[in-house]
Amino acid sequence: MGIRFMLCFNKQGVVRLVRWFATSDNSTDPQEEISQIYRLISSRDHKHQCNFFEFSDDTKLVYKRYAGLYFVIGIDITDEEPIYLSHIHLFVEVLDAFFGNVCELDIVFNFYKVYMVMDEMFLGGEIQEVSKDVLLERLSTTDRLE
Amino acid sequence: MDRRKTFAEPTASNTGSNIKGLQLFIADLRASQQSEDQLKRIHSEIVKIKQHFNASNKKSTSNGHILNNNKFDGYQRKKYVAKLAYIYITSNTTMLNDILFGLDEVIKLIKSNVFSEKFIGYMTLELLYRHKIVVERVNDQVITQLIKDISSSKDDFTELGLNFVGVTGTLTKDLASNQDLVSGVFQILRSPTSSLYLKKKSTLAFLTLLKSKNSILADDIQRKQLWIQRILSLLDDTDNYRLTLTTLPLVEYIAKNIDPSFFIRLIPQLSDILYKCVVTGGSNNGRGSFPDEYKFANMPNPWLITKIVSLLNVLIISPSETEDNNGLFESSLLHTDNIDPETLGRLRMCVMETINLGTRRTSDPMEKIVQNTILFSLINFASKLDPSHEAIVNSATALCELLNSNDINVRYLTLDSLIRLCSFSGKTAFDSIRGKNLDLIFHILNSERDSSIIRKVVDLLYTFADINNVKTIVEQLLSFILTSKHLSDPHLKSDIAIKAAILTENFSTDPSWYVNISLKILSLSVNTSSKDEEIWRRLCQIVVNNPQLQTLTCQKLVEYLRSNLTSEYIVKVAAFIIGEYTNLIAEKVPIADLFNMFTEKYFTVQNGTKAMILTTMIKLYRCQPGIGSAVIKFYQLELNSLDIELQTRSYEYLKLIQISKMNQNLHLLDTLLQPLPPFNNKSNPLLKRLGSLPIASSSTTALSSSRSRSSSMIWKNNSNDGSDNNDALQTTSQGTDVTAVPRPPPARKTRSSSTFSEMLNRNSTLDSKYNELKLSNNWREGSSRMFQFRQGILLSSPLLKVLYKIVVLDPTKLEIILTFANQTEWEISSLTSEIIASRTSNNPEYFLQNIQPPENPMIAPHHKVEQRFEIVIRKPFSCNEAPIASIYFKCGGSMNTLNLKMGLGVTSTLSTNGSVTLAQFVKRWKTLSDAMGKDGEYQSNDILVNLFENETPDGNLKKLINILMRMGFDIVEQTALSQTLFLAGIIHTKTDGNFGCLLKLSCLETGKVNITCKTTTGGPLAQYIVNCIIFAINK
C-alpha cells in the first residue's frame, strides 16, 4: 500500500534524490536497485511506451521525464498507477514555483531544500498535502527559519 | 512572491538557510569532468571534514562541555554534514561507508536547538536509515531525541520529529517498538490543541508505525476501540478535507489489516464526499461547491477520490469475493446488496458522472492524466457496485473501446482494468471480451512495442483462457515469442513461456497437442535462466504420471534430437524421458542410434545436463547390453572429467557395469533402475510464478487450480497411494539424476476438506464485532418496550432520544424506523448509526437490510433525524442475539457511543389464528406431548418479574395479561384454573417455515412466575419464546 520509494536521476544516471519508505524482504543493495531502475527506464521510449512498469513481484514503477530529469515512484504491486503521475506532476509544479522555473541545477545545489519540499508533501508513503498555495506558504516559512 | 524571485538565482541567494561552503563544494564537483577527478575531490573533502570534526571534538572536550553549541560551530557542523549527505546521494549511495564517521555529528545536529541545524540532521538520517548499520549505531540516541522533539512546545521541532517518523517508521521496527514514541505521536493526533498541520503529519507518522507493528492496535482491544474512535473523529473536517486526505490511508490500513468493523458506518459519509467531489464538483454548473484550490488541473481532486474509492473497495464486499472466501474479515464487511439504496444510488451516479468526465475533451496533458486517474479508479470500483450480467457486459464493452485509444497510458490502464474485471466477474466478463475482441487483443500483442503493455495483454489472455480457446491463445503466444522484434525485456519471454506452459497443462484435452506444445515451449528457451527449470521438470512429472503420453513423448523427443533443433531443456527432458522409457520405442529406434544421438549432444550441453546423459547411458545399456563396449569407453573417457560430479557418476556407472558383467546378469541394474512411481504433487509449482498478475492474482490462481481440477486429464491417472512415494522416489533416484526433479511438496490442503469444519466452527460463534460491543447501561428498558409496542422510546438520555417504530411488511419481514432527537441546545454532529447483526455469514438466522442511514450527520437543537432498515427473520433465534444499534455522535465537544440491543426476537413475528378455546388448547397440548414428548418443550420456574409492583395477585395477573396480549399471544379464555394463563400463537420464519406454540403461565404467591412452552418443532424455539417473555416482563 502506497509509495515504496521515490527517485530522481538525470539522463546520465546520476542520482539527484532518493527516498525509501519501504524495503523489500529480498531486496538487493540499494545501489544495485537504483542502477537497475535507471537502466530500465532510460532504455524506454518515452513517446511510444507508457509511464508504468512492473518492476518486481512487489513493486511497480510510475515515472515521468521532465527535461533531463527522470522522476520515478515505486509503488506497491496492488496499487493503481495513474494517481502517482499526478503525485509526480504536483511535486514538479511545487518545485517549479518554489525555485522559480526550476532546473536540474536548483535541485543539485539545493538538494536539502528539495527534501524539505518532499517532507511537506509525502509522508508514510502517502501524499500529505495537495494544495500548492498551502505548500508554498509553509515552505517559505520553514525556509526562512534559522 | 519575493521568496520565489530570490530562488530564481539560487547561488546569489543570501537567505539564512543557504550554505555557501556546500554550494562551492558542489560547484567544484561539477567542474571536474572526469569521474576520477570527482572521486579525488570527494576524498580530499572527506579528509578535511574528518580533520575538522576531530579538531572541534578536542576543543569541546578540553573545554569541559561536550555540546559546545556556539553558533559558529553549529553552522560548520551543518555544512559538513550536508556535504556528507550530498556525497551519499551523488555516489548513488555507494559511498555510505566513507561517510559513516560523521554519524556522531549528525546526532549532535538533531540535538541542536537551531531549526536549520536540526533539519539537516534529521534530513541526513532520513537518507541513511535505509541501512541497518546506521540504525544499529545511533537508534537509541535518535529515539530519545525524537521523543523530546515530538513533545516539544515548539511546533517546528515537533514537525521535524513527525517527519522523521513518517519517513523511517517502516524501515526499522525499532521506532514502532518504543511505547513512548508511539504514544507521543498519537498524543499529537488526538489532542484538540494540535494544529491541523501537525495532525496531518501525525496521522501519517502513526500509519508508518502501525505498518511496521500491527500489534500497537491489534493486541489491546480496549486501546483499539479508543484510539480508532479518535482517528474516526479526524474525518469530521468538512471544510476542505485536508485532514481527511491523510486520515483515509490510516483508516484503510486499519480496515485492511487490523479490524474493518469500526468503519462500515463510514460508507454513507464517504459516498457523500465522493458525490460532492465527482458529481457536484465535477459538473460545470456546480462549480464553487468545492474550493478551487482543491481542484487539480480543472478536475475534481483526484487524491481524495482515489483514496475514498480505495477505502470503499476494502469495506464493501461483493458476492464473487464472498465465494472466494479469502477475506480474513469477511463477516465484518458490508455486502454490496446491503448498502442502503440511497448510498448505492449516489455511488452509481458517481460512476456515471466520471464516465461523462472521461469523455470531456481536453488538450492539457495534466488534465488528461487526472481524468484517467478518476475514470479508471471508478470503473474498477463499478463492478463491485453492480455485479449484474448487464452491467458487466457494459463495462467490458466500454473498456474494449478504450483499447483503441491513442494514448498509450490509457491502453495500459484499460488492459489492467479488463484483467481486474475478468478475475472479478468471471465468465460473463470473459465471454463478452473474448466474443468480439480476441482478434483486437492479438493485434495489440503483435503490434505494441512496449513490454509493459505486452505483459498486460499476456495476463489478460491468461486470465480468460479455457478449454475452448486454449489452442488459439497458446499458439499466438508462442508465435509471438518466435517472431516478435520488440522483445527487449529478457524476463518477459520467460514469463510468457511459463504462462503458456500452465495454460497448456490446465486446459489441454488432447494429449498429443499437450506434448507438442510443451516441447515447443522448451525448444524456444534459448537463454537458460534457472527460472525456466521448472517447466521441463513439470513436463517430466506429468509424463511419468500419464502412461498414455510416454510413447508419444519419446517419439517426439527423438525427432527433436534428430532435427538438431534442441535447446538445453529439450536435451534434459530427452535424457530423462528416453532413458526412463527406452523400451517403449526400442522397436522403432535402435538403441545404438539413441546412444549416438546422446553422445553427440553430450559435448554441446552444460555439466548438469551432461550428468543426466551419463545416467541415460546406463539405462540404455540395461536395455541393450550390446552397446556395452561403447558405453564403457565413454565412461572411461569421462573419468578424466574436471567436473567432480561427472567423474563420480562415470566411475560409479562403470563399476556397476563391471559388477553386473561379472555376475552375468542384469539383476542389480534392474533393481537400481526400477520404473519411477507417479509423482504426488498436485499443485503446480509454476503457479508460483504468476507474481505479476495484479491483486486478483490470488483469486486467479484459485480459479485456475479449481479449473484444472475439473479438467484434470493430466492428473487423472495418478491414483496410486502416494503415501510412500517419497521413499520410493528416493530409492530409485539413488545414483541417478532424478534428484534434480523437485521432490513433491506435501499436497496443499484442499478447500473442501477444511471448509466444513470451518463452517461448523463459525456457526457456533458470533461475529467478533458483535461480541466486542459493550452495551449501554440502560438498554434493557427500551428493549423490553420493543417486545410489546410497535412504537415507542428505545432510549432517552439528556443529549439524545432514540425512538423506534416497527412496520410489519410481511409476516417475516419488518421495517424498523429509528428517530434520533436532539434534546440539547447545541448541535449534535458526526452522527452515525450502524445496525449490527450477530451473524452475517453462513446462513444467519436473520438478515438486516439498510434502507436509509441517518439522513444527516448533523442534528440541530430540538430537531430529529431518521434512519430505516429492514429485518428478515429466517430462522428462530435467541433474543440475546438481537441486532444492536451502535450509535455514535458528538455533542458540545464530547464524543458519545450508544450500543442498544433491540427488542427483536421470535415473538416479533408472532400472530394468532382466531381464538383458541380451552378444549382446543388442551387437545393440542396433549397431541404435542404424545407426538414429541419433551422435545420442543421448555420450562422455566420462579421467574422474577420486576414489573410487578407489590400489587395484589389479581393486579399482577392483569398486568401480565396486558403485556402478553401486546406481544401478540392469543390468551385462552378459561376459568378452570386461577392464576394461570394458557397462550397460543404462531411464529413465522422465512426459511424454516411457521411453528405453532402453546404456553402455560402460572403466577405464584411469591410474585414469581412459572412458564412452560411447547412448540411444534424440536430444538430451542420454545426456549427462545420464553426468553422473549422474560425480556418483556423485566425492565
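In this predicted model, the largest nonpolar core has 252 residues. Leu7(A), Val185(B) and Val573(B) have the most contacts inside this core. Domain 1 (259–387) and domain 2 (527–682 + 718–744) of chain B both contribute residues, so the core lies between them. Apart from its neighbours within four places in sequence, Leu7(A) is in contact with Val15(A), Leu17(A), Val18(A), Ile34(A), Ile37(A) and Val72(A).

Leu818(B) belongs to the covered face of strand E5 (residues 813–822) of chain B, together with Leu814(B), Ile816(B), Phe820(B) and Asn822(B). The uncovered face of E5(B) holds Lys813(B), Glu815(B), Ile817(B), Thr819(B) and Ala821(B).

E5(B) pairs with two strands described here. With strand E4 (residues 800–810) of chain B the pairing is antiparallel, over 10 bridges, and a hairpin of two residues joins E4(B) to E5(B). Lys805(B) has Ile817(B) as its bridge partner in E5(B). Strand E8 (residues 864–873) of chain B also runs antiparallel to E5(B), joined by nine bridges; there, Ile816(B) stands opposite Phe869(B) of E8(B).

How many residues does each chain bring to the contact? Chain B brings 71 residues and chain A brings 55. On the chain B side, helix H20 (residues 365–385) gives the most, with eight residues. The residues of that side comprise 33 nonpolar, 26 polar and 12 charged.

Technical notes. Residues numbered from 1 in each chain as written. Chains lettered and ligands numbered in written order. Predicted model: local features only at pLDDT ≥ 70, side-chain atom pairs only at ≥ 80, totals over all residues. Contact = placed C-beta atoms within 7 Å. Helix = DSSP H or I, 4+ residues; strand = E, 2+ residues; numbered from the N terminus. Nonpolar A, V, L, I, M, F, W, Y, C, P; charged D, E, K, R; others polar. Buried ≥ 20, exposed ≤ 12 C-beta atoms within 10 Å, placed from the backbone. Pairing = 2+ DSSP bridges. Core = buried A, V, L, I, M, F, W, Y, C linked by C-beta atoms within 7 Å. Domains from an automatic or database assignment.
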